[in-house]
Amino acid sequence: MSTTKLTGRISLAPMIDKTEPRFRYFIRRLFPEIHLYTEMTGSGAIIYGQHKRFLDLHPAESPVALQLGTHSPEEAYKAVFMAREYTAQQPDQAPGFKAPDFKPSGFTEYNLNAGCPSDRVQNRNIGAIQMNDPSLVAEILAAMRQALNDSQDLYPGRPLPEVTLKHRLGIEQPSRGIDMTKAEQLYVFLRRVAPFCDRLIIHARIAILDGLDPKQNREIPPLNYPLVCQIRRDFAPLPVEINGGLKHSEQIAAIWPQVDGVMLGRVSYEDTWELFRIRKRLLTDGLLQAAPNSQATISSRSELVRCYAEYLEQHPSDQSPAAQIWPILTVWRGLPEARRWRHLLSPPYPAELSHDRSLAAVQLARRAHETIQELEHRYPNAKAKAQERET
């Protein structure tokens, strides 16, 4: 177990096709205190060399956790060790920007995904289906820990990353005769795996592995926050972080004292500026400590868009302009001329944009910055009106 107990943490959930480096940088500028995660990364993708895609870190992102999906303790060991080798070679500083309290240590946490309900991963014995095999989960966590210990000489003087587990409250799959939906069954699982991890991150729903897709599994099974809070009491001092359905500052402030952390998800891209309001509420209520040197914090939507445009300019990509520009799509959500804002950032794009994908994305971001400056000038009370939704 790590010697440092993390409490009062807020984090952003690992999300496929969302929490890639661009989006993580974008969120870090808006919310310096938030703990970030990669997308779920298969152990095979790391072992067989897709390092740049899955392991590249911008120094401004730190702290970042690598979430691993794997069915094998042996592959887990190799993937974690190789990730440590790769990130040990990455630069410590980003030109022109230093992250608040940045400590160049690669990934600061290695997380095992035992909660994803996707058919694609459960057919490879990855994700939520692993809750049916707590001994396998324990072995994988132990292998991850061993890889961290064996690679620690690559990071002299730096703290050992944590090993954490993200899971559901249970699983149900009638086609395989699996019905692990009772609290007693969950506690059997937890007692087996808890000694091998530093933190539990619990999505407060069960996963139904027959008949529901991942989106439905985020919405249909009912939330059970009281059970997560009970687990936190029963397994103390092991930190327990809650995930699922938490989108607004009042919800988060209410549950904050009952858990050791709150993990946000879809709100980050469905209503991005809500993160600004959440941060402000937590800091104002004294529930969150401001990051050191947090002068890098964004204070306006236009400033956020400007920073993102600069990032795109410094990090050329061959992805489509739409794939590069999407993080700022909901920055002006719910405000006057929101439709104009979405239209500006959505294809089809004007013919005069560059045929170079990277340059076209930068052009779009620059136009977006000019537009949002105009909107903020035209609607000076927009910020106040947005804040009214919070109360």
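Predicted model: local features only at pLDDT ≥ 70, side-chain atom pairs only at ≥ 80, totals over all residues.

Me: How many residues of helix 1 are buried?

Reply: A residue is called buried when its relative accessible area is under 20%. Helix 1 (residues 21–30) has 9 of its 10 residues buried, so it is largely enclosed by the rest of the structure. The buried set includes the arginines Arg22, Arg24, Arg28 and Arg29, along with Phe23, Tyr25, Phe26, Ile27 and Leu30. At the start of helix 1, the backbone nitrogen of Arg22 has a side-chain oxygen of Glu20 within 3.1 Å.

Me: Is Glu109 buried or exposed, and which side chains make polar contacts with it?

Reply: Glu109 belongs to strand 4 (residues 109–114). Because its relative accessibility is 1%, and the cut-off for buried is under 20%, Glu109 counts as buried. Its side chain makes a polar contact of 2.9 Å with the side chain of Arg9 and one of 2.6 Å with that of Tyr37. Beyond its neighbours within four places in sequence, Glu109 is also in contact with other residues, among them His35, Val64, Glu162 and Ile201.

Me: Which residues touch the most other members of the largest nonpolar core?

Reply: That core has 115 residues, and Met144, Leu165 and Ile231 touch the most other members.

Me: Where are the cis peptide bonds joining Ser62 to Pro63 and Pro347 to Pro348 placed?

Reply: The bond from Ser62 to Pro63 has omega near 5°, and Pro63 sits in the loop between helix 3 (51–55) and strand 3 (64–69). For Pro347 and Pro348, omega is about 5°; Pro348 is in the loop between helix 15 (338–345) and helix 16 (357–378).

Me: What is the phi of Asp17, and what is that of Asn125?

Reply: Both are residues other than glycine with positive phi: near 65° for Asp17 and near 60° for Asn125. Asp17 occupies the loop between strand 1 (9–12) and helix 1, and is exposed, with a relative accessible area of 56%. Asn125 is in the loop between helix 5 (119–122) and helix 6 (134–150), and is partly exposed at 30% relative accessibility.

How values were computed
Residues numbered from 1 in each chain as written. Heavy atoms only, no water. Core = buried A, V, L, I, M, F, W, Y, C linked by side-chain atoms within 4.5 Å. Buried < 20%, exposed > 50% of the residue type's maximum accessible area, 1.4 Å probe, protein only. Helix = DSSP H or I, 4+ residues; strand = E, 2+ residues; numbered from the N terminus. Polar contact = N/O pair within 3.5 Å; in protein donor to acceptor, adjacent residues only side chain to side chain. Contact = heavy atoms within 4.5 Å.
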